[in-house]
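Thank you all for coming. Please take a moment to look over the sequence and the model before I talk through a few of the contacts.

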Amino acid sequence: MPDRARDVRPEPAAPKGALRPRLAERWLFRGIYGLVLASAMVAALDVPGEEADPGQDALWVLLTALASGAAHGYAHVIARRASGEGSAKPSRTRAVLAEWPLTAAVLPTVCLLLGAVAEWWTEETAVEVALLFNTVALFVFGVSAARTAGLGWPSSCRAGFMDMLIGLLVIAADALIE
């Protein structure tokens, strides 16, 4: 009877540059998540008839992104712990800090709201521009993710359009709820 331990062949080394698409995939995932989060938050915080407070809205968008990133990173830690893959403290910290693209993706929205605090424009304008910017960025991230995955331009544009639909749905919901 053959010994199964001897029959196990080592896995071939990952091709050179294989880590790069994986990192890009994670950054794109977190960036898309952050854009959708920022759009939903800014739409929800812009309540017609209430006194505008773009500074407080900017703070809420940023705090929500930080909390979501920390929760998502910690969920990865819990999942690794449950699967028995390890529990070293540095990996916990790294898992939480790896969520920085989620927070970075909300910064344009935060900056637009802070522009309303500086009275460069109204909060309503900041919200409209943020929703438009985030929707276009969703398209760009979708195309970029598809291109990273090796798809051609037509397929990548379709993928970008599907991501952009999320932003359009947030805009439509904002318009209907107002």
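Predicted model: local features only at pLDDT ≥ 70, side-chain atom pairs only at ≥ 80, totals over all residues.

Let me begin with a term: a residue is called buried under 20% relative accessible area, exposed over 50%, and partly exposed in between, using a 1.4 Å probe and protein chains only. By that rule Tyr33 is partly exposed, with a relative accessible area of 39%, and Phe29, at 47%, is partly exposed as well.

Residues are numbered from 1 along each chain as its sequence is written, and side-chain values use heavy atoms, leaving out hydrogens and water.

How many aromatic pairs does a search of the whole structure find? The search finds 2, where rings of Phe, Tyr and Trp (its six-membered ring) pair if their centres lie within 6.5 Å, and planes under 30 degrees apart count as stacked, over 60 as edge-to-face and the rest as tilted. Phe29 and Tyr33 are stacked, 6.5 Å centre to centre with 25° between the planes. Because they are 4 residues apart in helix H2 (residues 19-45), about one helical turn separates Phe29 from Tyr33; helices here are DSSP runs (H or I, at least four residues), numbered from the N terminus. The rings of Trp120 and Trp121 have centres 5.8 Å apart and planes at 65°, so this pair is edge-to-face. Trp120 is exposed at 62% relative accessibility, whereas Trp121 is partly exposed at 32%.

Definitions and conventions: Helix = DSSP H or I, 4+ residues; strand = E, 2+ residues; numbered from the N terminus.
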